[in-house]
Every structure is written in C-alpha cells, then in structure tokens.
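Trainee: I am new to this structure and would like a close look at one part of it, the salt bridges. Please take me through them one pair at a time.

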Amino acid sequence: MKVFCGRANPTTGSVEWLEEDEHYDYHQEIARSSYADMLHDKDRNMKYYQGIRAAVSRVKDRGQKALVLDIGTGTGLLSMMAVTAGADFCYAIEVFKPMADAAVKIVEKNGFSDKIKVINKHSTEVTVGPDGDMPCRANILITELFDTELIGEGALPSYEHAHGHLVQANCEAVPHKATVYAQLVESRRMWSWNKLFPIRVQTSHGEQVIIPPLELERCPGAPSVCDIQLNQVSPADFTILSDVLPMFSVDFSKQVSSSAACHSRQFEPLVSGQAQVVLSWWDIEMDPEGKIKCTMAPFWAHSNPEELQWRDHWMQCVYFLPQEEPVVQGSALCLVAHHDDYCVWYSLQKTSPEKNGRVHPVRPVCDCQAHLLWNRPRFGEINDRNRTDQYIQALRTVLKPDSVCLCVSDGSLLSMLAHHLGAEQVFTIENSAASHRLMKKIFKANHLEDKINIIEKRPELLTPADLGGKKVSLLLGEPFFTTSLLPWHNLYFWYVRTAVDQHLGPGAVVMPQAASLHVVVVEFRDLWRIRSPCGDCEGFDVHIMDDMIKRALDFRESKEAEPHPLWEYPCHSLSEPQQILTFDFRQPVPLQPVHAEGTIELRRPGKSHGAVLWMEYHLTPDSTVSTGLLKLAEDKGDCCWNPHCKQAVYFFNTTLDPRVPLGGPQTVTYTVEFHPDTGDVTMDFTLSDALDRGC
C-alpha cells in the first residue's frame, strides 16, 4: 500500500506531498540506525558475553533455573549469548516490529527458537502470569538501553518498571552497575558552541562592537546534551580544571528510581581559570565484582588508551554550565549533577546542595530564542573570527555609500556588518517567528532597531512596499538556513534570489555570486563501520540483519548521501578534491537540470569507502568560503574539515570488507545532477573493478 507523506523541501522552501511505501518510515529508521556500529563493537560484545556467562553461572550455582529477560534485544544477540552460556530460557523484548521480526528469524537461523521467545512489545506492556507473555518473573535482567548520556533512551523508567513487575528481587543484572563521570574544563572553543561572543568591526568611523543581548548572556542554553567524539577534540582546545569525578552510580540489580535527583562532588580546582564546560562519560560494570568493565572514557582518562574502542553509538558528552564562573586553584567547590528520568545537567556551587538548599530540580531551558534557532555548530560558525573577517573583507569590495542591502539567511549577522560598513539602508528577511524575535533582540541590544528593517514574511511574498519603494542594489546571504541538512540544501538562497528578482535594481550585486559542489574520494579510519555488514558476530550468524539494512538502503532517500560532521571522523583522501557542479547566483535558477559526469582518479593506496561532497561559496571573484575541505596534507592525504558544517558522505558499497588488502579501484566514475524543479541533487558513483581484474 502507498501513502502520501508531507515533506518540507529544504532547497526550494516548498511543502511537497510524496507517495511512499507504507513502511517508508521503518526503512528510514533501519537505514539510519547504529545497529551495524553496535555489532562491530567488539569490546561491547565481548564484555557483555563475559558478564552474561558470569551471571548465568551465579544463578546455576544457587541451584536455580536461569530465566533471562532481555529488554531491547535488537538482533537477539544478547539472548543467544545467554542460551549459549547455559540459560534455561530467554524472553527477548523488542518494541520496533521490523527489528523484532528480524530477531525471530535470526534466533531461528541460529537454532535457538526453543529457548528464546521474542516479544514485540514495549517492556512496560509485557505481562507476567499463566496467560501472560512470561509465566513467571525472570531472575536475570539483560539490557542495552543506553545512549551517550546513559539515561537518554529511557533506561531509568524501563528499569524501574522491570524491577517492579518483570524480575525477581535482587536479580542478577547485566550490566550490574553504571557510573557517570565528569571533568570540569575551560574551553573557548567549546564555549563558543553555547554563547555569542562580541564581534569587533573596523569601520571608517572607528571600531564597532556587536554585542549579544543580556538575555542571551544569562540564558542557560539548550537543554539537550551535546554528544561528540571527544577523542577528536585537540587537548590544546581545553584546560582541565578538575580531576575526573565519579558523579553518580546506578545499581541495575536493585530497584531503580526514575525520580529527579542531584549528586554533588566536592573538589579543589587543579588550576585557576574560567569554569565553562563539563565533559562527561560513563562506564558499565558487567559483574558485581567490577572485573568486567566497558568504558566510554576519552583517551586521557582511559586506563589503557591503546585498547580504546571506536564506537559511534556511544560517545562522550559536553555540558555547558549556565554561566561561566571563575575558579581558584585549591579553593574547594562542588560540582553537581542533576538528572530527571531522561536528561542530565550540571551546575557549579560553593557548597553541596544539601547544605545551601540550592537544588535545581527543573532542567534548564532556553528562554532567549538563540539556542532554539542556532545549533551548537552554528554558534561556533558565528563566533569564528576568521570566517567573519572573510565576510567583512568581501563586503568592503561590494558595498557603496548608497547601497540598499537585502539580507537573506536565518538569524544572520550579515545585515549588521553591512550597516556598520556603510550601507545606506539594510533590510533582512526573517521568515520564521523565532528568528524574527531573536534578531529584534540583537538589533535592540546594539541600538540598531531603527537602522535595520526586519521583514517577517516568505521571500516570494515580498512587495515593493516592504522595501520602502526602493530597489535592492546588494543581495546578501551567507547562505545559512536552519532547515538545511545536506550541503546543497542552502541552495535555497538561489530560489530566494529568483523570487526577489523583480526587486533587484539594474546592476545589482549578489553575494555570494556563485557556489560550487566539490568531491573527494576517501578512506575512513572508522566511519566505514556504520555501513559495513557484520555477517558473523561473536559466533552468531546475523546475515539477516545485514540483508535487512541493505533492503532499507534501497529506498529512495536512504540511497542518497548522508550528513556527517567529518572533523569528528578522521579520513584521508585517495583522490585530489574536484569541482563537479557550479551554480551562478547572478542569474535566476535555470529551467533545465545542471548536469555533470566524469572520472575521479585515485592517487593514493587505500580502501575506497566513499565520496565526500561539500559546497564552496564564492563571495567575490577573490574570496571563497568552504563548508568542507579546508586543507589537505599532501603526503598522507589527511583531510582537515570545516568544523562548523556537516559534509555529505556517499558510501560506495554496503558490502565493505575491511579485510580486503590495500590497492583496488583506480578510478571512480560519477554522474551528478541538480534538478531545479525539485531542488534535489542526485548522484551515482561507480568504482572500476581493478581487484577483479587482478590489478
């Protein structure tokens, strides 16, 4: 059966109704999941297997049958481990139906159907009793309900319910315990992801400073965690202010509470500085003795950095304090971890909350609008001094004293730069209520509310009256739009330029004047794992899961490139970067597709995991801003990526085999096309079959 799905097109700005398969959303969920990454996590798998064996042995040693409850079974891997370890029976709970169906097939293929019952329900809906899903309560609880924040996937409520209704008192639990750790740091780079820094502009009238509104300064920020590959943040980007502090633990073998709580740890700062950021991670102990441990610690806090396991399904957390606070070396303070049933947040206090009564039961929520409109990379982009200087220099070359400027970007400061650099009149289009409110606050804080005109409407609805009857002589854009996910989605600027064409005066300048799409073929150090089939996992056949992901990837959107912040995922280039499409913003959007095809020559040995695509914006003939590759190490081909943008990754193959030796295809043939009617960029890459030819 086919269904109609509404979709906002980020490139054209229009809402489209598309006919999709009724299971379209399921396939998207599977295609974008981290199942492959989890199955490739050897450290996780091995530690779970060891913990399960130990738990089953403890139950058997007491002369009891080992009855296992596996919540969130996924492929059924942990249940199969339990049966292999000697469990008498397993109840494997999986709420996601396609995954539950796959688990049934995987369990059957591996010969465990008589010992494992897959239950397609949420664990809170499972019944116990003679006519229930389980005849009696289990005495071993196995789960993998964790996210990067530990509790963000509802682990606490699930455990709370399981102990109350599904497992015996003091059951064995794998994992047995989790501990959350934190470390206080000062980091201008990470702080720039949370606050707006003052921006200094040299003008003909002296230095002008764009300052953030007081409301933004005082705002506690976005309530959601910032999860990143912390191992890719340079140690030079932060100063450690505290030792690693164990903040709180959860014993999964006993009754768990999902109620809000806070946990404080007193410490003495190692050095004086500005407390801004809390780095956090967790570990899980699979056994009561704590001998089998799986840790998410970054390399500097890892007990054995050489055994560091790459994983993307669990990373590390960055939390921002509500305000930066000075700390003095040796003067005791309290770091407080607060959590409710799904979220964690931190505060810094002089004494413990129990003593001063300053418990913060309610998680912080943005009240300044900025954290709703700008995500963390966008804050970093706006605060990037080099990038701002590049726009300032480009503006100096195109601005004239009588310039009438129209700025088109979401929540951009370009309009303020244009005003300070001498434009006669500046208009900015903010077509969302959130961006309108935010920019109004920023203009007011800088006494520009009467200098810059905010137009709150869609660009195609612009009238001469909105512009005071004037013609635009300079159309500006970064371009940046909050709806953009893939690099070419910001081509929405081109559609806006076309929509306002009638309002442009003779000889009007458009900045950026053009854009280009670039590509490079890369070998990833680790990211390939998320698209590589597992086949055999710890001795269990999971080919059915591989096939399921492959079928999901055959759906339309899932076959396309996907966005990744590649500064977190090291790779090296096998080819030289290549420009493949250009878009001339000085002209309206063409009626015919923009097409390119060609061949990319591979110049370095390695495995061709995929192509990375990004946009470059040509502000003027002499100034270009890249959203992707910033520089390339000539010898090894190591790539340095723009840290504020996500690049598009097109994985060549869903059957990547890391055991294939170096060498392989010598060329990659591509076809790329931009479709003006839909705003889509379609692509196809074909690798030459050098390996099969014996090359």
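Mentor: Glu215 and Lys441 form a salt bridge, with their closest N and O atoms 3.0 Å apart. The model is a predicted one. This pair links distant parts of the chain: Glu215 belongs to helix α8 (residues 214-218) and Lys441 to helix α14 (residues 433-445), 226 residues apart. Glu215 has 35% relative accessibility, so it counts as partly exposed. Lys441, at 23%, also counts as partly exposed. Salt bridges with shared partners also join Asp41, Asp43, Lys47 and Arg311 into one network.

In total, the structure holds 31 salt bridges. One of them is between the side chains of Arg58 and Glu172, at 2.9 Å from N to O. Here too, distant parts of the chain are linked: Arg58 is in helix α3 (residues 42-61) and Glu172 in strand β7 (residues 167-174), 114 residues apart. Both Arg58 and Glu172 are buried.

Another salt bridge is formed by Glu285 and Lys177, whose closest N and O atoms are 4.0 Å apart. Glu285 lies in strand β15 (residues 273-285) and Lys177 in strand β8 (residues 177-186), so this pair ties together parts 108 residues apart in sequence. The two partners fall on either side of the 20% limit for a buried residue: Glu285 is buried, because its relative accessible area is 11%, whereas Lys177 is partly exposed at 27%.

How values were computed
Residues numbered from 1 in each chain as written. Predicted model: local features only at pLDDT ≥ 70, side-chain atom pairs only at ≥ 80, totals over all residues. Heavy atoms only, no water. Helix = DSSP H or I, 4+ residues; strand = E, 2+ residues; numbered from the N terminus. Buried < 20%, exposed > 50% of the residue type's maximum accessible area, 1.4 Å probe, protein only.
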